[in-house]
Amino acid sequence: MADHLKAEIQAELLARYEDFRSEVRKKLALGRLSEALEICDSAIEFARAHDAPELIDRAIVNRIGVSIEMGSTQSEIAELGKILLRASSQEVRFLAAYNLAWAYKGREEVERAISYASRALRVAETLGNAEWKASALNVLGLSHLSGSYFQEATTFFAEGLELLPDRRERRYAALLDNYGYCLVVQGLFREGFRALLESLRTLRRLGESWVETAPHISLSFAYLELGKARPAKRHGLSALRLAEEMGDSKSIKASLYLLGEAAKQEGDEFAARRFFQRLQESFYPKAPDLIDLLLVVDARTMVNLKA
């Protein structure tokens, strides 16, 4: 009887926690990261109030996962490492390893990112969770992409796409964007454009405009590779607008690089200088010569769009 009652209580706690998670996903779909973090804090308080250790760890890991979108701190990385070591739950271990991979990828620590992404993948395989395996393959691919291992990254993205039965979800669209970008970098333009355009269409159908930034940036880059400045500029401006709305500094930086290069291809030096000046003032205030440098070199070589 006691065990039965305990199981019922655990089920109720998990159901309430999943309500928090649902609210977080809704806020993330709208790009409201600060509001998502507030809900994450409420979930942590709820788990602590009910003295549920596994839920506490899960809630902390999920909060850090949201926080990583705005740039992880060393203390958050350390906390994830502690949870990974102590957690008995395979689900919590996956989430910790997965978020550690994202954190180190964001810091451009490629080998560590690959190590934790591989660890997350092994746990997902143990659990038999295809969607989590696809997510692990995505961050594993991105980690290899950050190190310019394009062929390996392409393979991981392709494997991830094959695992997702629902091709109308954000996870699928994200994999498509990364896969398409890899193909374009390797000169496979037809297949690359097909993937990138499908990624953008999928996100538009879902109404998750905050993640449309990524395929817009990839498409801007792809059109520049073909010397088509006008569509490159159109996608670059869309990416910049969305990135500004969301306060996404990395995407703002990438968009300004691409827009400056698009203006150069159009022969509009004034516009190019304007984009590069904003880039320099916002991100490289101690490098005033950067503007003149970017006017004579290919700006696309100066930034790894998926780092």
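Leaving aside neighbours within four places in sequence, which residues is valine 24 in contact with? They are Ala36, Ile39, Cys40 and Val66, where contact means heavy atoms within 4.5 Å.

Some ground rules. This is a predicted model, where local features need pLDDT of at least 70, side-chain atom pairs count only at pLDDT 80 or more, and totals for chains, interfaces and linings use all residues. Residues are numbered from 1 along each chain as its sequence is written, and side-chain values use heavy atoms, with hydrogens and water left out.

Now the core. A nonpolar core is a set of buried Ala, Val, Leu, Ile, Met, Phe, Trp, Tyr and Cys residues joined through side-chain atoms within 4.5 Å; buried is under 20% relative accessible area, exposed over 50%, partly exposed in between, with a 1.4 Å probe and protein chains only. The largest one has 56 residues, and Val24, Leu28, Val66, Ile83 and Phe94 touch the most other members. Helix 5 (90–106) is among the helices that each supply at least two residues, and helix 5 gives the most, with 10. Helices here are DSSP runs of H or I, at least four residues, numbered from the N terminus.

Next, the rings. There are seven aromatic pairs, meaning Phe, Tyr or Trp rings (for Trp, the six-membered one) with centres within 6.5 Å; planes under 30 degrees apart are stacked, over 60 edge-to-face, the rest tilted. Phenylalanine 94 and tryptophan 132 have centres 4.4 Å apart and planes at 5°, so they are stacked. Phenylalanine 94 is buried at 2%, and tryptophan 132 is buried at 18%.
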